[in-house]
Amino acid sequence: MTETNLALQANNISVTYHSRTGLFKSFKFQALNNVSFKVKRGETFGVMGRNGCGKSSLLRVLAGVYQADAGELVTHDIATRTLLTLGLGFDATLSGADNAILSMMLQGFSREEAKAYLPAVRNFSELGDFFERPVKTYSSGMRSRLGFSTGITTQTDLLLIDETLAVGDKTFNAKAEKAMMERIDSDQTVIFVSHSGAQVQKICQRAICLERGKLVAEGDVKDVAQEYANINDKKLD
Ligand SMILES: Nc1ncnc2c1ncn2[C@@H]1O[C@H](COP(=O)(O)OP(=O)(O)OP(=O)(O)O)[C@@H](O)[C@H]1O
């Protein structure tokens, strides 16, 4: 892999959570331990691993939401990035439109650029007049739709997808999946995270596997999925 076709490089990324369990008690938990890998420009790169292995923590570091407490993330020509999740970070008192603008600004867009995307977000979300109403009046499905529509409408240099996307009703889900696959099939750099080796194998060329915060396999997606299956089999013994 030449340095010129690299989109990003994770070098020895570690993340430790510090949690308070009582007035004078706290504990540390290392969710990611020295994780390193490279992602090429335009590829769909997979991250697989069992529940609690550190997938979401890694996604948050890649999205710039969390700062790794050791290691570095080197990006090449990545000014904007989207984390496609269920929109849990919304301000419930603000309207869907205002939340969409804030979320696009967090992706790296200017206020003016975010405003220009707004009609397309409104249209994709199918929220109608609710788009101008406070998010606290939304059902959970409506929140998810707002989050997904905001993420999928913008054209960013890096698209991060969390498998746990269940966006709305059947019709909306089909539309969301189609839009996601169109982006994956384009020359977009995508990182796709899932606990399902089969799902990662379906859409990714290369992948890594995490186990208890450590990288245990990297390379061609078939080989990594096999390694992941072996880990799962061992746990079932
Ligand atoms: N804020 C936090 N404080 C303490 N521990 C945390 C925190 N967030 C996550 N963890 C722990 O870090 C580990 C990794 O969590 P993470 O959410 O990254 O895993 P995951 O692979 O995405 O899991 P899942 O597939 O269940 O979503 C887990 O053991 C989890 O309990």
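**View 1. Buried residues of helix 2 in the predicted model.** Seen here is helix 2, whose buried residues are Gly 96, Asn 99, Ala 100, Ile 101, Ser 103, Met 104 and Gln 107. These buried residues pack against strand 5 (81-84), helix 3 (111-125) and helix 4 (140-153).

**View 2. Span and end of helix 2.** Helix 2 covers residues 96-107, twelve residues in total. From its first C-alpha to its last it reaches 16 Å, close to the 16 Å expected at 1.5 Å a residue. Gly 108 follows helix 2 and has a positive phi, near 120°.

**View 3. Shell around the ligand.** The ligand is surrounded by 13 residues, and the closest are Tyr 17, Asn 51, Lys 55, Ser 56 and Ser 57. Strand 1 (6-20), strand 2 (26-40) and helix 1 (55-63) each supply at least two residues of this shell. Helix 1 gives the largest share, three residues. By class, the shell has four nonpolar, eight polar and one charged residues.

**View 4. Contact between domain 1 and domain 2.** The domain assignment of the protein chain gives domain 1 as 1-78 + 158-164 + 189-237 and domain 2 as 82-156. Their centres, taken over C-alpha atoms, are separated by 26 Å. Seven residues from domain 1 and five residues from domain 2 take part in the contact. On the side of domain 1 that touches domain 2, the elements giving two or more residues are helix 1 and strand 6 (158-162). Strand 6 gives the most to that side, with five residues. The residues of this side of domain 1 divide into six nonpolar, no polar and one charged.

How values were computed. Residues numbered from 1 in each chain as written. Predicted model: local features only at pLDDT ≥ 70, side-chain atom pairs only at ≥ 80, totals over all residues. Near = placed C-beta within 6 Å. Helix = DSSP H or I, 4+ residues; strand = E, 2+ residues; numbered from the N terminus. Nonpolar A, V, L, I, M, F, W, Y, C, P; charged D, E, K, R; others polar. Expected span 1.5 Å × (residues − 1). Buried ≥ 20, exposed ≤ 12 C-beta atoms within 10 Å, placed from the backbone. Contact = placed C-beta atoms within 7 Å. Domains from an automatic or database assignment.
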